[in-house]
Each structure stands twice: as C-alpha cells, then as structure tokens.
Amino acid sequence: MHAILIIVLRSSIVYLSIILFIRLFGKKEISQLSVIDLVFILLISNSVQNAMVGDDSSLQGGLIAAATLFGINAVLRYFSYRNKKIAELLQGSPVLLVYSGHILEDHLKKEHISMDELEEAIREHGVKNIKEVNLAMLETDGNISILSENFTKRTARRRRPHKALMNSNSV
C-alpha cells in the first residue's frame, strides 16, 4: 500500500508541476505545436516517467500513475468549471491584442506574440488589414480570435443551411 501512495504522490506532483511550467511559458505555445514542441513534449513525458513511478516499472505501477493523472485531471476540470478563480489560476485569462483597429503592443510583448504572428492570425480570419479588426483576443487555449466588421457581414449572409444538409433526407 505504501508503494501505491508513493506513486500517487509522485504522479500528482509531476502533473501539477507540468501545469505550472506550461502556465509560466505562456498560452501561445499550447495551440501552435511545431516539430520542436512535439519532440519536447515526447521527451518531457519520457523524462518524468521515472519521477512518477520511481523504480516500479511494473504494469501495476504504470496503471496507478495513469489513473492518478486521470483522477487529478478530472478533479481540476471539475473545480475549474465550478470556480472561475481556480479556472483563471490554472488556465489564465484571455488577453486583448487589438481593439478597434489599434494594436495593444504591451499585451503583444507580454505574451511574446510578434507582429508577424498577429498579422497571420488576422489573415487566417479573412481580414485584410489590422485597422479592420474590432477585437483580437489571445484565448486561454492559445488561439487568437478575431472579430471584425467583415466577419459580422459574412456570417449575417449565411442564414440558409448548406445545400448538402438541405438535400439529405436520410440523416
């Protein structure tokens, strides 16, 4: 029983430490995984395995560590859902990047977002110019949301269902 508690405790500490590290290194990194980031994640998972299970490389030890991670994840999701302050502590809060066509450069610097990255996100949303952006937000998941006059006009025109949905009777 003592060995199981050690694995649970070690797995919990590793899980919470990884959350802390991700929060410290910024939310932008979460949604934009490059090859370097993927390799990094794979190596981190391998490097912390021994920290979670210690010398116990048995199936039971691995399953206990995995169950602990699932359990902690479920508990943190539950409390994040129930308490806004806990959610903000764990996930952060959205950051305003552009307001009424004006770039908030201090916010870009704080979040380590370059002008090139911001302009790319704006183009991905079909907006030609930063001046057309009503609101650009760095969301807690690392994505950049863009709202513009162009966006509202485009969505206002799409009121009918897609023709594939209109023609399907068998769904």
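Q: Which residue takes a positive phi in the hairpin of E1 and E2?
A: The model is a predicted one. In this hairpin, two residues lie between the strands, and Ser-100 takes the positive phi, near 50 degrees. E1 and E2 themselves pair in the antiparallel sense, over two bridges. Within that pairing, Val-98 has Ile-103 of E2 as its bridge partner.

Q: In what order do the four strands of the open sheet stand?
A: Strands of a sheet pair through backbone hydrogen bonds, in a parallel or an antiparallel manner. Here the order is E2-E1-E3-E4, and the pairing is antiparallel. Strand E2 (102–103) and strand E4 (144–148) are at the edges; each has a single partner strand, so one side of each has no neighbour in the sheet.

Q: How many bridges join strand E1 to strand E3?
A: Strand E1, residues 95–99, and strand E3, residues 133–138, run antiparallel and are joined by four bridges. To follow the pairing residue by residue, one may look at Val-95, which stands opposite Leu-138 in E3. Leu-96, in turn, stands opposite Met-137 in E3.

Q: Which helix lies across E1, E2, E3 and E4?
A: That is helix H7, formed by residues 115–124, and its direction makes an angle of about 55 degrees with E4.

Q: At what angle do the axes of helix H4 and helix H5 cross?
A: Two packed helices are described by the angle between their axes and by the distance between those axes. For helix H4 (residues 59–82) and helix H5 (residues 84–91), the axes come within 5 Å and the crossing angle is roughly 125 degrees. The two helices, H4 and H5, are therefore oblique to each other. The crossing in which H4 passes H5 is left-handed. On the side of H4, the contact is made by Leu-76, Phe-79, Ser-80 and Arg-82, and on the side of H5 by Lys-84, Ile-86, Ala-87 and Leu-90.

Q: Is Ser-12 buried or exposed?
A: The reasoning rests on a cut-off: a residue is buried when its relative accessible area is under 20%. Ser-12 has a value of 17% and is therefore buried. This residue lies in helix H1, which spans residues 2–25. Leaving aside residues up to four places away in sequence, Ser-12 touches Thr-68 and Ile-72.

Q: What does the relative accessibility of Leu-69 make this residue count as?
A: Leu-69 has a relative accessibility of 24% and so counts as partly exposed. Leu-69 belongs to helix H4. Its contacts, not counting residues up to four places away in sequence, are with Ser-11, Tyr-15 and Met-52. Leu-69 and Leu-16 are 53 residues apart in sequence, while their C-alpha atoms are 9.7 Å apart in space.

Q: What percentage of contacts in the chain between residues at least 6 apart in sequence join residues at least 24 apart?
A: Of such contacts, 62% join residues at least 24 apart.

Q: Finally, what percentage of the residues of the chain count as buried?
A: The chain has 171 residues, of which 24% count as buried.

Notes. Residues numbered from 1 in each chain as written. Predicted model: local features only at pLDDT ≥ 70, side-chain atom pairs only at ≥ 80, totals over all residues. Heavy atoms only, no water. Buried < 20%, exposed > 50% of the residue type's maximum accessible area, 1.4 Å probe, protein only. Contact = heavy atoms within 4.5 Å. Pairing = 2+ DSSP bridges. Axes fitted to C-alpha atoms, helices over the stretch in contact; angles between N-to-C directions. Parallel < 35°, antiparallel > 145°, perpendicular 65-115°, else oblique. Left-handed = near helix turned anticlockwise from the far one by under 90°.
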